[in-house]
Amino acid sequence: MSVSLRGFVVILVLGAAALSACSPTFNWRELRPEGAPLVALMPCKPETATRSVPMLGQPTELHMYSCETGGLTFAVAWAKVGDSAKAGEALAQWQQASLASVRVAPGAATAWPAAVARADQVQGAKGQGSDHQGKPLNTQAVYFAQGNWVYQAAMYGPKLPEQATTAFFDGLALP
């Protein structure tokens, strides 16, 4: 899982940054992805992508919305796993692959008290790694599950302003 998912995350983060580089400010909007029980706030108009990735050893369709504004990249992704009892394992694998994709050293990420209402499981992680050019890159993400749905919401940037992280992560909801 880690190689394909990690590469997909890197491509989406970098692609969103390149495609949305002209957006100068935060323009928060509600996002309700079609076909997924999720509500999120995005600070810019997101690009979308879908790709089959191996998750829990099975091909899984991963959906992602991402955008870049104010020097920050915001991403929301989701997938449906076959067995809700394995959602925690899927979240752990996803977190490990995502942190590796932005070169956060193994064991260097720290937990943060993330919360998403109605989620069965929630894991918050943040750390400092580097982008594809070797420049410092901070990441903060929440991985959460409801039944057999698994999600990730993440921010990436040289610095992550508290006002933006609060608005982004507090804007997550499972209806």
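This is a predicted model: local features need pLDDT of at least 70, side-chain atom pairs count only at pLDDT 80 or more; totals for chains, interfaces and linings use all residues.

Tutor: Residues are numbered from 1 along each chain as its sequence is written, and side-chain values use heavy atoms, with hydrogens and water left out.

Student: How many helices and strands does the protein have?

Tutor: Helices (H or I, at least four residues) and strands (E, at least two) are DSSP runs, numbered from the N terminus. The protein has three helices and nine strands. Their order from the N terminus is α-β-β-β-β-β-α-β-β-β-β-α.

Student: What share of the residues counts as buried?

Tutor: Buried means under 20% relative accessible area, exposed over 50%, and partly exposed in between, with a 1.4 Å probe and protein chains only. Of the 175 residues, 47% count as buried.

Student: Which cysteines form a disulfide?

Tutor: A disulfide is a covalent bond between the sulfur atoms of two cysteines. Here the criterion is a pair of cysteine sulfur atoms within 2.5 Å. A search of the whole structure finds one: C44 and C67, with sulfur atoms 2.0 Å apart. The pair links distant parts of the chain, 23 residues apart, since C44 lies in the loop between β2 (40-42) and β3 (47-55) and C67 in strand β4 (residues 58-69). Both C44 and C67 are buried.

Student: Why is this disulfide called right-handed?

Tutor: The torsion about the S-S bond of C44 and C67 is about 85 degrees, so the disulfide is right-handed.

Student: How do I check the span of helix α2?

Tutor: The expected span is 1.5 Å times one less than the number of residues. For the 15 residues of α2 (residues 87-101) that gives 21 Å, and the end C-alpha atoms are 21 Å apart, which agrees. The buried residues of α2 include A87, L91, W94 and L99. Just after α2, R103 has a positive phi of about 60 degrees.

Student: Is G124 buried or exposed?

Tutor: G124 is at 12% relative accessibility, so G124 counts as buried. G124 belongs to strand β7 (residues 121-130).

Student: Which residues does G124 contact, apart from its neighbours within four places in sequence?

Tutor: Contact means heavy atoms within 4.5 Å. With those neighbours left aside, G124 is in contact with T110, A111, W112, A114, A141 and V142. From G124 to Q140, 16 residues along in sequence, the C-alpha to C-alpha distance is 7.6 Å.
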